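Here are a few notes for a colleague who is opening this entry for the first time. Please read them with the structure in view.

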Amino acid sequence: MNIRNLTTTLAALGGLFIVYIALAYLIAPQSTASGFGLPSWPEHEGTAFLAVKGVRDLGSGLVVFALLLTGHRRALGWALAAITFVPAGDMVIVLANDGSAAKALGIHGLTAVLVALTAGLLLRERPAPATSPVTSSPVATRIPAPAAR
């Protein structure tokens, strides 16, 4: 598997994962919240804050797919670099609020590392060479021979 296929696969899996998490927070927020790692979570009227997380995660996933589908791979790399701060921030929030260190590091920390790795790989990609529509091979630049004197 070449680096381009690897980064596409990692980005698509990351996008699918975060959309799944988003839908879980929007459909069943109370049962999903316990897996976040905090010792307590909003209840009753406060459950709307769980929907906020779902919408945030859904937006992140849609950004990934929009950039994947339009072929803007460099922009996808920069977007993932920025998105890395979401799971990293979640990790810090869980740790700062006496949450589960295992969940903070194992879920949020690992996610941040994988998103950052995918971003780095995308940003290191070289653009594909331009191809000729006739031959589908890389376009050669013709350099004229020096003029005879």
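Which residues are buried in helix 6?

1. This is a predicted model, in which local features need pLDDT of at least 70, side-chain atom pairs count only at pLDDT 80 or more, and totals for chains, interfaces and linings use all residues. Residues are numbered from 1 along each chain as its sequence is written, and side-chain values use heavy atoms, with hydrogens and water left out.

2. In helix 6, the buried residues are A104, H108, G109, A112, V115, T118, A119, L121, L122 and L123, where buried means under 20% relative accessible area, exposed over 50% and partly exposed in between, with a 1.4 Å probe and protein chains only. These buried residues pack against helix 1 (3-27), helix 4 and helix 5, helices being DSSP runs of H or I with at least four residues, numbered from the N terminus.

3. Helix 6 also bends by about 30 degrees at G109, the bend being the angle between axes fitted to the seven residues ending there and the seven starting there.

4. The axes of helix 4 (residues 73-83) and helix 5 (residues 85-96) come within 5 Å and cross at roughly 10 degrees, which makes helix 4 roughly parallel to helix 5, a label for angles under 35 degrees. Their contact (heavy atoms within 4.5 Å) is made by A81, A82 and I83 of helix 4 and by F85, V86 and P87 of helix 5.

5. L23 lies in helix 1 and is partly exposed, with a relative accessible area of 39%. The C-alpha atoms of L23 and L58 are separated by 7.4 Å, although these residues are 35 residues apart along the chain.

Definitions and conventions: Axes fitted to C-alpha atoms, helices over the stretch in contact; angles between N-to-C directions. Helix = DSSP H or I, 4+ residues; strand = E, 2+ residues; numbered from the N terminus. Parallel < 35°, antiparallel > 145°, perpendicular 65-115°, else oblique.
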